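Hi,

Here is the structure I promised to pass on.

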Amino acid sequence: MTKYLEYQLKEIKDTYLSYLGPPFNEKDFSPPRPNTTALSLPSAATRLELWRGLENRARLAQNQRAYSVLLAAVRELARSTLCPYLQTSLLHFCTGLDGLLGSISGLMTTLGYALPPPSAVSVGGSDGELQEPRRDGFWILRELQSWLWRSAKDFNRLKKRLRAH
Amino acid sequence: MANLVTSLCCVVLAAVVVAYAQKRSQLVGRIQYERMGSDVTMQCGSLDNDASVSWKVNGTDIKARHRLEGPRLLLTQVDLGHNGLYSCFQNPHGERRDTINLRIGTAPREPTVTCRSNTYPKGFYCSWHQQHSTYIPTEFEVDVHHNQRALEVQRDPVHKNRCHVRFPEVFSSFPYRVNVTAINDLGRASAAISFEESNIVKPDPPERVVATPIPNNVRRLEVTWNSPSTWPDVDNFPLKYFLRYRPLIRDQWQHVELSDSTSHTITDAYAGKEYIIQVAAKDTEIGTWSDWSVAVHATPWIEEPKQITSTTEADPVIETKPSPAPASVEPHLGEAPAGGANRPLSISSTLVLGVLLLLFM
């Protein structure tokens, strides 16, 4: 199962990399991270000891929660984009992300872990809209990149732990 | 009474020590750093403007162009040749009044800074250097920031121009900013670099690469290696490897990429040819490939040429070594064939075998 996830992850990563075009990819461009109240993104960053010590359930749950939020964020980004090509690409990307999310949820169910209740996931303001689409878009994709990188390591660890049992 | 005497002795001793220290610093000289190409003024102690002094450098007369103005010595457009210990002597009695160690140099320029993590996810190190020498002692200050927080920087105990930083967290989206300032008596200059955690990861090359021939396989070589010992957690942060090999007689390399495996069997080696083999490593997700490992040489197994005898029984053959091999590899030829008389070879068969070997070259 985790091998399948890793494969999907790679596909999504490649799709994403073909995206790092304008307007998000200017050299050394790093806008200030939006205030958490305006744009709440799940951070992939974690202390090493905490990450190592994560139980399988918690590890999967963190991934599941992160991609739920990020999926909603990318959908919102697609909605607020004016460029049709970019919009199509982002929506296509969302399909992949949705697939990944489905796989994670499926794995959790298979392992007997309860899925979190499907709460209203919103990244933007109270109406779900992004306050500053360009800056927010940058951070959504940046955090997504970190999560994809982290997930590969998460799944590798899960694979080893599940094999050991 | 005894206490008074002891205290008095201590005071006298202290005075003697201070006087000696002062005299000693006069002999050794206070250091005066001056910019290359500038005009320099050296002041003889705290003498009045109408004082008359004479100067010597390193005990000899000053040969460079200079001017005297009372207690001051003036040098113009100084260069490294002006370095030295300058002493001034008050006229007419010639008492030494001051000693100045003149050191000519330049202000520092922006250092060049690079950072790398070969111990991911533990930490990273940064090194810096000056493109041009300043000729005078120059120190460096380093500060590292991440997500608006200053990180603790450990200076390397051995390498003066290196420091170590632990990663405060992993999988971070925030860049790190490293600022190095070069400081000396003539000025300061800073350089800063910014990078993301994932971009600076570069493992050390794989270690203990060993290539061995496989008995009875003329086209195979088995290669094994170890992950670099500096990589702290190969279970949770696995490495993938890149192996390249070529026969010595060819220039073109063949490449194989391997995930999570520290061995590989080459199956398409040219029989009888010596090969050169190297391996590189990379984190499975991020960063760049390591440098190539130390090269190892190996030759695939060659069948032992049989000794021609008049009897049909096979005599034990004499073992010979092929081309010289480095210490890490011990190519060995096949053992004496088992079973004694099972494979008697005629002269014509030997010739056919020799021709076949030639064809493979």
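S54(B) sits across from F89(B), a residue of β6(B). The strands behind that are β3(B) and β6(B) (residues 84-90), which pair in the antiparallel sense over 5 bridges. One thing to keep in mind throughout: this is a predicted model.

Zooming out, β3 and β6 belong to an open sheet of 4 strands in chain B, running in the order β1-β7-β6-β3 with mixed pairing. The edges are taken by β1 (30-35) and β3 (53-57); each has a single partner strand, so one side of each has no neighbour in the sheet. On average, neighbouring strands here are turned by 30° against each other, ignoring direction.

Now the aromatics. How many aromatic pairs are there over all chains? The count comes to 19. One of them is Y120(B) with F167(B), an edge-to-face pair at 5.6 Å centre to centre and 80° between the planes. Y120(B) is in the loop between β8 (112-119) and β9 (123-129) of chain B, while F167(B) is in the loop between β13 (162-166) and β14 (176-184) of chain B, so the pair ties together parts that are 47 residues apart in sequence.

Another pair to look at is Y245(B) with Y275(B), which is tilted: 6.2 Å centre to centre, with 45° between the planes. Y245(B) is in strand β18 (residues 239-247) of chain B and Y275(B) in strand β21 (residues 275-283) of chain B, so this pair links distant parts of the chain, 30 residues apart. Y245(B) has a relative accessible area of 4% and is buried; Y275(B) is buried as well, at 0%.

Back to Y120(B) and F167(B): both are members of one aromatic cluster. That cluster also takes in W51(A) and W149(A) from chain A, along with F124(B), F171(B), Y176(B), F195(B), W231(B) and F237(B) from chain B.

Last, two arginines placed over rings. R59(A) lies over the face of W51(A), one of the cluster members, at 4.7 Å from the ring centre. In chain B, the charged end of R244(B) sits over the ring of W253(B), 4.0 Å from its centre.

Cheers

Key: Residues numbered from 1 in each chain as written. Chains lettered and ligands numbered in written order. Predicted model: local features only at pLDDT ≥ 70, side-chain atom pairs only at ≥ 80, totals over all residues. Heavy atoms only, no water. Phe/Tyr/Trp six-rings, centres within 6.5 Å; stacked < 30°, edge-to-face > 60°. Helix = DSSP H or I, 4+ residues; strand = E, 2+ residues; numbered from the N terminus. Buried < 20%, exposed > 50% of the residue type's maximum accessible area, 1.4 Å probe, protein only. Lys NZ or Arg CZ within 6 Å of the ring centre and 35° of its normal. Pairing = 2+ DSSP bridges. Axes fitted to C-alpha atoms, helices over the stretch in contact; angles between N-to-C directions.
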